[in-house]
Amino acid sequence: MSAATIVTLPDQATARIPKMNFLSKENGLLSWLLTGDHKRIATLYLISITFFFFIGGALAGLIRLELLTPQSDLMAADTYNKVFSMHGLIMVFFFLVPSVPATIGNFVIPMMVGAKDLALPKINLLSWYLYIVAGGMMLWTMATGGVDTGWTFTTPLSTHYLNSNVISAGLAVFVAGFSSIFTGLNFIVTIHKMRCPGMTWFRLPLFVWSNYAASILMVLGTPVLAITLVLVVLERTVHIGVFDPSMGGDPLLFQHLFWFYSHPAVYIMILPGMGVISEVVSTFSRKRVFGYTAVAFSSVAIAVFGFFVWAHHMFIMGISNYAALVFSLLTMLVAVPSAIKIFNWAFTLYNGSITFETPMLYAFGFMGLFTIGGMTGVFLGATGTDIHLTETYFIVAHFHFVMVGGMLMAFLSGIHFWWPKWTGRMYPEKVSQLAALVTFIGFNFTFFPQFILGTLGMPRRYAAYPPEFQVLNVFSTAGATILGVGYLLPILYLTWSLKYGEIAGDNPWQATGLEWQTQSPPLTENFPEIPIMDHEAYDYEWLDRQQRKEVASV
Amino acid sequence: MSDSTVTANSVEVDTHHEHPSYQRHHFETVAQQFDATNFAMWLFLLTEVMFFGGLFTAYLILRNWYYPAFVEGSHQLSIFWGTANTTVLIISSFTMAMSVWCAQMRRKGGLLLFLTLTFVLGLVFLGIKGIEWHEKWVKYHVPGLHWSEATFLHPQTDTEVYAEYHDRPLAPDMASKTEQYFFLYFAMTGMHALHMVIGIGILGFMLFRARAGAYTEGHYTFVENFGLYWHFVDIIWIFLFPLLYLISRY
Amino acid sequence: MNQQHEQTDQEHHVVSPFLYLTILLCLLVATGLTVWASYIDLGEWHIASGVTLFWNPVIALAIACTKMILVVLFFMHIKYSTKLTKLTVISGVFTFLALISMTLADYMSRAWGRW
């Protein structure tokens with residue numbers, strides 16, 4: 001894009017991918033299926049979640065196609081219910097929750113802390129197998145007729161009224177939950193116990209901090225979802241009302257238990273993404289992240305506050321006014337650490353030597369879209385406006401701005417950022433910059449009209465709508481098409497780059513993280529010898545000295 | 001606290017490359033390995049706390065709503081068997097603690113003895129639980145599967161319990177809520193029993209390995225961590241006992 | 001190799017069997033106590049209109065908590081473990097209490113009606 005770039009690649013005529021690396025060490029299917037190597041498990045995860053992303057994406061395409069016209073003509077209303085439910089379930093539990101932690105986090109966290117592997121490699125592999133089992137169950141659910149509860153399993157709809165595959169969907173999410181618990185548990189243990197000499201807490205890259213915070217949420221929140229789903233399944237099978245009011249249960253109890261996990265779950269989804277942005281913004285501004293400590297603690301603050309705000313999903317469900325007031329105030333508190341992050345990234349950019357490589361473009365996308373998503377969250381957190389806006393397209397737009405505009409942008413940013421480390425090859429810069437741009441434009445076209453639709457009062461989760469909403473829906477569907485192209489491009493050129501990409505060398509971005517100080521792709525044991533951390537995180541002066549030393553010694 | 005000592009150790013030990021066979025390659029020292037797995041076990045127990053936490057929350061809400069049904073439901077449980085089971089489980093916790101001690105002291109005979117005792121006590125617990133569950137089946141108190149609320153509409157028919165507590169008949173809509181009580185009873189004790197079964201399975205595996213002397217040569221991490229699990233299961237029962245059995249006995 | 005064994009053994013506090021036995025006796029006594037207490041009507045305390053505290057479940061739970069603390073401190077060696085492990089236990093209790101208390105906050109304040 002611009003002439004200024006920080007990319008330094010080795011001389012392509014002589015450069016070679018290192019012969020010994022984690023990809024080449026062993027061959028054969030079994031060496032992958034029985035591996036304990038966090039980088040290989042991350043690769044398995046990457047392939048699996050990409051698969052589920054495209055299934056979820058195809059379902060999203062169907063939703064948008066149906067909403068092109070006011071009548072429910074492409075599919076029956078029941079089918080539409082199933083399609084958006086499966087879209088939600090797959091995207092939340094099989095893409096967003098494991099996206100950054102289980103792939104990028106799995107790949108780089110041990111390297112960032114200077115360890116040979118995660119603390120519990122077998123548990124890590126088990127987590128992937130659980131994911132696959134859960135994914136298989138979810139596909140089976142879909143193949144045998146799907147589920148139409150929405151991703152929230154709302155009772156008594158899910159336990160009393162529906163005849164779709166609630167049980168297998170519930171069990172799939174139950175198993176996926178344990179996969180996520182084991183990933184989180186592994187990260188926490190690794191970050192506490194496996195740091196290399198000299199790696200103090202405040203020398204950790206911010207990506208590690210944010211994944212640590214997300215892991216706490218996974219470990220403490222997910223089991224509550226698990227037991228809630230067990231109760232839903234039991235209620236469906238033996239017909240005892242814990243949640244079903246007609247049998248003496250309490251549907252609000254379900255909502256409390258469900259959102260006790262599922263609100264923190266949105267932070268499980270966004271926090272690791274914020275970590276990616278910290279890394280990328282710092283690297284491409286050539287500056288230490290402004291207010292490192294504040295950003296680090298804001299992650300933990302989001303995690304802690306995250307447990308005290310769940311009832312803002314229930315303002316219109318008949319919870320007490322007093323509780324609503326308290327939960328509303330607490331919800332506003334979460335805006336503070338989120339804003340700290342946004343402001344600090346902005347200050348990191350200030351006076352930095354900014355370059356516009358693809359990860360940075362995605363990061364810019366994240367910062368803009370997440371800010372919009374976050375700010376509209378404040379509208380929804382306020383009890384008064386929430387009553388008007390909830391269950392409309394406003395809320396759909398809000399969480400897509402955070403989850404897609406935020407997390408997915410961050411995921412793609414991270415994938416591009418660490419791709420050279422992962423594969424040893426560069427992705428093609430120009431076309432990927434184009435993809436980032438297309439994604440951003442497509443995204444805004446898709447979801448911005450939905451804010452307007454929501455304020456006009458178009459309810460969510462219906463296959464049909466009054467004709468006066470059609471113009472904006474057409475906009476949205478058109479945008480989704482562009483967005484689809486934006487997501488297809490990376491998978492094409494990234495696959496292409498596996499063979500034809502330029503050799504990246506150890507540190508194409510001249511980044512400071514420990515993961516960049518080893519070869520790409522890394523050795524199975526990550527480092528030839530355990531590194532000793534002797535500088536602060538994002539210390540670009542240290543990097544300069546280091547490189548001058550290397551040149552001198554050569 | 002331990003973090004700093006571990007990193008310090010790892011520098012020190014790295015200089016002489018002697019690794020005992022039980023040290024996994026990605027750990028720098030045995031101490032680090034112990035710390036990491038022990039911490040992981042604690043984190044796993046955290047998830048277990050929250051797992052049972054959801055059940056306890058459901059219990060709390062429903063108990064407050066349907067208190068009379070919960071009282072008469074709990075009168076159906078046998079204090080004798082409940083107390084006996086609590087005692088059995090507490091003693092098994094003690095024998096488990098002693099197993100850890102024996103492993104620490106490298107006393108193979110003692111370890112085998114105490115592990116066997118724990119194993120047997122675990123089975124006794126499940127046996128008693130089985131007796132209690134069977135009684136519920138006989139009395140049509142298994143919600144959803146083998147259920148009748150007749151006992152709570154006509155308490156006199158259950159002479160044994162009636163003689164002790166003189167329960168008044170519940171109104172029909174409240175009587176039907178005893179099903180909620182028994183549902184939670186089975187869900188909570190069932191989930192607990194499932195943990196016991198898994199624990200007993202692992203105990204069997206440990207007995208097998210302990211006979212080969214696996215834990216009495218300095219590396220007892222597995223015994224220690226399993227002990228944590230076993231004590232946790234004990235703690236869950238410590239709460240289930242008063243919540244399910246002792247609701248209102250006076 | 002021997003060196004390392006000593007190292008690990010030194011790090012872990014070994015609790016004496018007598019202490020274990022004492023804890024066992026305490027736990028058994030507490031079990032007896034909680035059964036005994038459940039047969040006595042301990043009455044209730046009217047805190048405010050509509051809010052009543054029954055002493056029986058409070059006592060039962062207090063005894064259960066005491067037993068839990070004994071098990072956690074001694075059988076599970078928390079008394080001798082690192083700050084990190086202690087913090088882990090506390091965070092579990094904290095989150096559980098957050099779940100219970102925030103949920104109850106809703107249920108209890110529903111009776112207050114609208115303002």
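This is a predicted model: local features need pLDDT of at least 70, side-chain atom pairs count only at pLDDT 80 or more; totals for chains, interfaces and linings use all residues.
Read from the N terminus, the elements of chain C follow the order α-α-β-β-α-α. Chain C has 115 residues, of which 28% are buried. Of the contacts in chain C between residues at least 6 apart in sequence, 44% connect residues at least 24 apart.

Chain C also touches chain B, in a contact that takes 43 residues from chain C and 41 residues from chain B. On the chain B side, helix 2 (30-65), helix 4 (79-105) and helix 10 (221-245) each supply at least two residues. Helix 2 of chain B gives the most, with 13 residues. By class, the side of chain B that touches chain C comprises 27 nonpolar, eleven polar and three charged residues.

Within chain A, helix 11 (residues 358-381) and helix 14 (residues 429-456) were examined as a pair. The axes of these two helices come within 9 Å and cross at roughly 10 degrees. Angles under 35 degrees count as roughly parallel, and helix 11 and helix 14 of chain A are therefore roughly parallel to each other. Their crossing is left-handed. Residues of helix 11 in this contact include A:Leu361, A:Tyr362, A:Gly365 and A:Leu369, while those of helix 14 include A:Glu429, A:Ala436, A:Phe440 and A:Phe443. The contact of helix 11 with helix 14 of chain A contains eight nonpolar, six polar and one charged residues.

Conventions
Residues are numbered from 1 along each chain as its sequence is written. Chains are lettered from A and ligands numbered from 1 in the order in which they are written. Axes are lines fitted to C-alpha atoms, for helices over the stretch in contact, and angles run from 0 to 180 degrees between N-to-C directions. Helices (H or I, at least four residues) and strands (E, at least two) are DSSP runs, numbered from the N terminus. Angles under 35 degrees count as roughly parallel, over 145 as roughly antiparallel, 65 to 115 as roughly perpendicular and the rest as oblique. A crossing is left-handed if the near helix is turned anticlockwise from the far one by less than a right angle, and right-handed if clockwise. Two residues are in contact if their C-beta atoms, placed from the backbone, lie within 7 Å. Ala, Val, Leu, Ile, Met, Phe, Trp, Tyr, Cys and Pro count as nonpolar, Asp, Glu, Lys and Arg as charged, and the others, Gly among them, as polar. A residue is buried if 20 or more other C-beta atoms lie within 10 Å of its own, exposed if 12 or fewer, and partly exposed in between; C-beta atoms are placed from the backbone.
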